[in-house]
Amino acid sequence: MARLAPIASRPKAREATLRAGPVSLRLNLRSVLIICVLSLAAFAGLVANVGYGEYPVSPVEVVRTLVGLGDDGGHAFVVNSLRLPRALVAVAVGAALGVSGVILQGLTRNDLAAPDIVGINAGASLAAVSLIVVAPAASIVYLQPAALAGAFLAAGLLYLLAWRRKGSPLRLVLVGIGLSAVAGAGATLLIAVGEIEQASVALVWLAGSVYGRGWDDFYSFTPWLLVFFPLALLLSRHLAAMNLGDNVARALGLPVEKVRGLLLLTSVGLAGTAVATAGTIGFVALMAPHIARHLVGPAYGGLIPAAAATGATIVVGADFVGRALFAPVELPAGIVTAVLGAPFFLYLLYRNRNG
Amino acid sequence: MSKLSTERITFAYEDSTVLEDLSVAMPEGRITSIIGPNGCGKSTLLGSMARLLKPRTGSVHLDGEVIANLATREVAKRLGVLPQGPHVPEGLTTRELVSQGRYPHQSFLRQWSRSDERAVARALEITGVDGFADRALDTLSGGQRQRAWIAMALAQQTDTLLLDEPTTYLDMAHQLEVLELLARLNREEGQTAVMVLHDLNSAARYSHQMIALCEGRVYAAGSPHEVMTSHMLGDVFGVKADIFYDPRNGSPQCLPYELLGRTS
């Protein structure tokens, strides 16, 4: 299987065990440290994004304004109303994509399975584009459920066509790419026949960008995250057992079918809502799990938060690069992640072929 | 007394019947080996007893209860199962794998109790894998990796272990390593073990009971002396063979020399 160079031997994990009565938790201190560093990186990206622009605000001022410590330069409006929601959406979308990818890769035991590679994101965007073009009067509130429905439809098709027959990892990817192409063609067709106004909205949205995202986008996104993130953490213990294969998992007492359904729901749900919020920001769900696994190892307790923080860092960083590179012209974050992610995907394919 | 038994189980894939009206019993504190030619239903029998497969008719009993009526987690506390050629996640260390054996004893709030810690330390030690506990499984030899999987099943702390071809793909020394470990666990801890084995001589040497399957039925079940006969080898495997007795422990050993029913 293709992965970043696995770490053959890790020093005995330094662990802290917390026990109180019947409750016991185990923390791998190295993973905790790495997750903290990754979260700081995401926060730094957020601060940089909020500070950068036509009206620059120094990082110190950004942090002061964020925590509500005075407002010397009167930039509270720029920070809190204009730039913060966009940066927060970038962080949340990245985290959702990272977690979605890490679950899907674990669930399919396939390193190439990311919701954008296997067509789940394309299904979500087709549904969302349909809504934008066909029913332009519909409220933005319906975008989330529509994208979710599209994501689940694509996942269902994928399951029927590729997964159920336990094909090779490449089969899943190839069928997924086919599904993506069909959904993409559908979206293009809708844009071509749609009214120019709606079509241009849909086009910008398709490229995958957090451009112009405001508090209402953030608030319509967060409830889904509040459902799916805790669910992912609750399921991480089961995902670890499932990773040993269906039979071993069953022998360990895991209700495999039920847990697989819940995991799939979580992964597709996170990908679908992320797409509904920011369009198709590609390759994040593929890259973040690999990077996280390389850093904290394959134990899912640490892997899920690490993948969330990695994904957040990637998207918020990509948004910053996209804004800064050719300023004042903005590149969508989705273009930046594709430039990074496509070679990475090719590298994984190459390793998979030779592994 | 038998820990685990089947009562007239039948198993079929679509049209072809794999097990037919099969009743066997695994005595407590003993090692049982299931032998038979390819496709005779050995692994299906083991899978049915492990509740990984559901027989079409008949029932499997564990400690006197029908296994299908027990909660999955309850079964996992009583039966450890090692399927054939399990999937090894890349980068997973021996210790992490063995810790997974505690899964049925854990919950979201009870993730790492003192008894978990003790059971894992003990399993690592008994199987002799503690020396490479923090190495990734995919860097270990086949024998070391198999012992790590057995350690995982031991950390589960079940009275009974079911193993599907635990020695396949291992060289001679590594086969011996795994079988000696099982014999020692049985001797010192009274561990009940049931395994599917291809190597008849190892089965005869290491088990108290042998079950020879042929076309989904029990051809013979009993002590190695009762089961390992030139008749059985002819009828079940289609070979002519001489039987010798191991001068060390008296176990019957076979040496096949010709295929039956073929003139060339």
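In β11(B), B:Cys214 has B:Arg217 as its bridge partner. Helices (H or I, at least four residues) and strands (E, at least two) are DSSP runs, numbered from the N terminus. This is a predicted model: local features need pLDDT of at least 70, side-chain atom pairs count only at pLDDT 80 or more, and totals for chains, interfaces and linings use all residues. Residues are numbered from 1 along each chain as its sequence is written, while chains are lettered from A and ligands numbered from 1 in the order in which they are written.

Strand β10 (residues 209-214) of chain B pairs with β11(B) in the antiparallel sense, over five bridges. Two strands pair if DSSP finds at least two bridges between them.

Now the whole sheet. It is open, with six strands in the order β7-β8-β9-β4-β10-β11 (chain B) and mixed pairing. β7 (79-82) and β11 (217-222) of chain B stand at the edges, each with a single partner strand, so one side of each lacks a neighbour in the sheet. Helix α1 (residues 42-49) of chain B packs on the sheet, touching β4 (31-35), β8 (160-164), β9 (192-196) and β10 of chain B. Contact means C-beta atoms, placed from the backbone, within 7 Å.

Next, the partner chain. 29 residues of chain B are in contact with 34 residues of chain A. On the side of chain B that touches chain A, α2 (72-78) and α3 (94-100) of chain B are the elements that give two or more residues. α2(B) gives the most, with four residues.

Technical notes
Contact = placed C-beta atoms within 7 Å. Axes fitted to C-alpha atoms, helices over the stretch in contact; angles between N-to-C directions.
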